[in-house]
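My notes follow the order in which I looked things up.

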Amino acid sequence: MDGILERLAELEKMVLQEQRQGVEEKRRAAEKVRWSTRLLEIITEFKALAGGTIDLPEGEAAECASEERPAYDQRGVLERLLGPGVISPPFAPFDRDEETGEPVLDTRAVAGKRTNRQRAFGAAMTYGPILREVSLADAIFRTGETRASSAASIRSSLGGLVRYGKGWKRDRGTLTYVGDDLTPNRELILQLVRERNERERRLEVGDDLS
């Protein structure tokens, strides 16, 4: 009986060790997936926004940097992608709606404007020249600053950007600003990057605790 118990103890030790290794491998795999997913998002955004970069002063760059955001903010990754001196994305990152996959724009990018043309330009200054109509309309509606009854009615009115003025192209639910005076809203971009860094830091801390 003692021999059996001894062998069972050895087997239990081996199983527990394999279990710990499996948990660690799973954690590393999840981290690798998060890192690669973020990197692919960055590559996609930079391909779409080629030509527009913000060269930040060192002080501001430090505030955007985060050890928890290796794919988005570490100097080495971005410099390998875009060359020396580029230390932050040209425009603000955005989250995506879990159900539709569409970008979710912060209302601060469009708030305080009098017309949809001004609101769209504000969004382009924050998120870049390529905007999804559904995302822009949703952000405008969420400000509560219009008389529109729904985001869908706002989206319908966005066609006026193309019909009654210059500077915009419309194609398959996407609005693209084609003017030459698009200056990134650096203050809001930095604020949104900091907030996103903080949210992701809290999520990762929560994952570690669980």
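These are my entries, one topic at a time.

**Entry 1: what I am looking at**

I am working from a predicted model. I keep that in mind for everything below.

Three strands make up an open sheet, ordered 3-5-4, and they pair antiparallel. I then looked up which strands sit at the edges: they are strand 3 (130-132) and strand 4 (168-171), each pairing on one side only. From one strand to the next, I get a twist that averages 25°.

Next I checked how strand 3 is held to strand 5. Strand 5 covers residues 174-177, and three bridges join the two antiparallel strands. I picked out one partner pair: Ile-130 is bridged to Thr-176 in strand 5. As a reminder to myself, strands of a sheet pair through backbone hydrogen bonds.

**Entry 2: the helix on the sheet**

What packs on this sheet? I found helix 6 (residues 133-143) there, touching strand 3, strand 4 and strand 5. The direction of helix 6 makes about 70° with that of strand 3.

I listed the buried residues of helix 6 and got Glu-133, Ser-135, Leu-136, Ala-137, Ala-139, Ile-140 and Thr-143. I had wondered what these buried residues pack against. Their neighbors are strand 3, strand 4 and strand 5, along with strand 2 (103-104), helix 5 (116-127) and helix 7 (151-157). Just past the end of helix 6, I noted that Gly-144 has a positive phi of about 70°.

**Entry 3: a charged pair within helix 6**

I moved on to salt bridges and found that the structure holds nine. One of them is between Asp-138 and Arg-142, with the closest N and O atoms 2.8 Å apart. Why do Asp-138 and Arg-142 sit about one helical turn apart? Because they are four residues apart in helix 6. An α-helix has 3.6 residues a turn, so residues three or four places apart point the same way.

I also checked how open this pair is. Asp-138 is partly exposed, at a relative accessible area of 27%, and Arg-142 is partly exposed too, at 39%.

**Entry 4: a charged network across the chain**

Which residues are linked to Asp-95 in a network of salt bridges? I found Arg-196 and Arg-199.

I took the Arg-196 contact to begin with: the closest N and O atoms of Asp-95 and Arg-196 are 3.8 Å apart. That pair links distant parts of the chain, since Asp-95 is in strand 1 (residues 95-96) and Arg-196 is in helix 9 (residues 186-209), 101 residues apart. For Asp-95 and Arg-199, I get 3.2 Å from N to O.

Is Arg-196 buried or exposed? I count Arg-196 as buried, because its relative accessibility is 5% and the cut-off for buried is under 20%. Asp-95 is partly exposed at 36%, and Arg-199 is partly exposed at 40%.

**Entry 5: a nonpolar patch**

Ile-4, Leu-5, Leu-8, Leu-11, Met-14 and Val-15 make a nonpolar patch of about 560 Å². Val-15 has a relative accessible area of 46%, so I put it down as partly exposed.

Definitions and conventions: Residues numbered from 1 in each chain as written. Predicted model: local features only at pLDDT ≥ 70, side-chain atom pairs only at ≥ 80, totals over all residues. Heavy atoms only, no water. Pairing = 2+ DSSP bridges. Axes fitted to C-alpha atoms, helices over the stretch in contact; angles between N-to-C directions. Contact = heavy atoms within 4.5 Å. Patch = residues over 30% accessible without salt bridge, like charges linked within 9 Å, V, L, I, M, F, W, Y side chains within 5 Å. Areas by Shrake-Rupley, 256 points an atom, 1.4 Å probe, with all protein chains shown as cover. Salt bridge = Lys/Arg side-chain N within 4 Å of Asp/Glu carboxyl O. Buried < 20%, exposed > 50% of the residue type's maximum accessible area, 1.4 Å probe, protein only.
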